[in-house]
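Here is a short briefing on one protein model. Look at the sequence and the structure first, then read the points below.

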Amino acid sequence: MDSTLKFKVTDAQSHRDKELVGVGALAMASEKNQKLPVSDPLLSDETHKKASAITTKGAQAAISYMLTAVLLVLFNKAALSSYNFPCVNVITLFQTLCSCSFLYAMKLWKIISFTTDELQNTTKNPATLVPFRTLVHTLPLALSYLLYMLVSMESVRGISVPMYTTLRRTTVAFTMIVEYVLTGKKHSPSIVACVGIILLGAFVAGARDLSFDAYAYAVVFIANICTAVYLASIAHIGKSSGLNTFGLMWCNGIICAPILLFWTSIRGDLQVTLNFPYLFFPGFQVVILLSCILAFLINYCVFLNTTLNSALTQTICGNLKDLLTIGLGWVLFGGLPFDFISPSQ
């Protein structure tokens, strides 16, 4: 009797242990199912909205660049051609000094930061806002920016605005080549074909230019090469420096400003500027001031657009804004002599 009762109790315990094991296995299976990557509609919608927001931000940066670039070309053309201001380097110096002043004021008021981790540096000394090692790291970017600015300003002088924008369209080809040399980046055959169409259109547009100037054309092509190197340097150095857009602009400014000041001094450009007859003319001062403000804005848009998108996208945006630039330039400054029928003489 006792053995029978003991057997029943043991059997009941064994049955209960099996149930517990079954429940444990079911719980483990449920936990594994919860860890599996299932398709959650709410999660998918949130991810889609996030991706859409990033795309929207990139598009806004591209559009802002195009609008700012159109205005900057027109104001630079007004200063160099309408007022016949002879010192391109001085305009670049003014733009650089204004950019540094804007950045320092916004950093001092804690409106912006210079690093990607959003840490605010409390120092007020301009020389220590960015570590010296970081400045050395961004030196190639600053030098390419300086060369890009100087050559681009010079390229506007001796050529009409429509022809200038036409030749600048070839920058996209130089950008693809420089990107491949610096980063090894390759583009799809469809993108290469689109670039070929752009180059063909630029050739057709410029083949009948009756105001051909070999020097002006050469300067524009040099500007294209400098632009490609500058944009590729943003993508290559900017991402590894730990600086955000404002930090990169600051490094460019404090490196380039002393070089420009020294260069304009030894060339006598500062003295020529002081003797310029329209220096205190209100119209000329307004043009220079707006040119400096637009230069600051376009530098920010270039860094932002290149960082959010790519160097090639930035170059394509430069081509897209050319349509408006050509139209306004033709109306405000006069177009190039062009003949549809008879061959050029």
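Residues 214–234 are 100% helix and 0% strand, where helices are DSSP runs of H or I with at least four residues and strands are runs of E with at least two, numbered from the N terminus. The end C-alpha atoms of this span lie 30 Å apart. This is a predicted model: local features need pLDDT of at least 70, side-chain atom pairs count only at pLDDT 80 or more, and totals for chains, interfaces and linings use all residues. Residues are numbered from 1 along each chain as its sequence is written, and side-chain values use heavy atoms, without hydrogens and water.

**Transmembrane spans**
- An unreviewed UniProt entry lists transmembrane regions, among them residues 58–76 and 214–234; such annotations may be inferred rather than shown by experiment.
- Residues 58–76 are 100% helix and 0% strand, with end C-alpha atoms 27 Å apart.

**Helix packing**
- The axes (lines fitted to C-alpha atoms over the stretch in contact) of α3 (residues 88–108) and α10 (residues 245–267) come within 8 Å.
- They cross at roughly 145 degrees, on a scale from 0 to 180 degrees between N-to-C directions.
- The contact (heavy atoms within 4.5 Å) includes Leu 93 of α3 and Trp 250 of α10.

**Confidence**
- Mean pLDDT (the predictor's confidence in each residue, from 0 to 100) is 74 for the protein chain, and 69% of its residues reach 70 or more.
- Helix α1 (residues 2–35) has the lowest mean, 44, and helix α11 (residues 269–274) the highest, 92.
- Over residues 1–54, pLDDT stays under 50.
- Where pLDDT is low, the predicted coordinates should not be read in detail.
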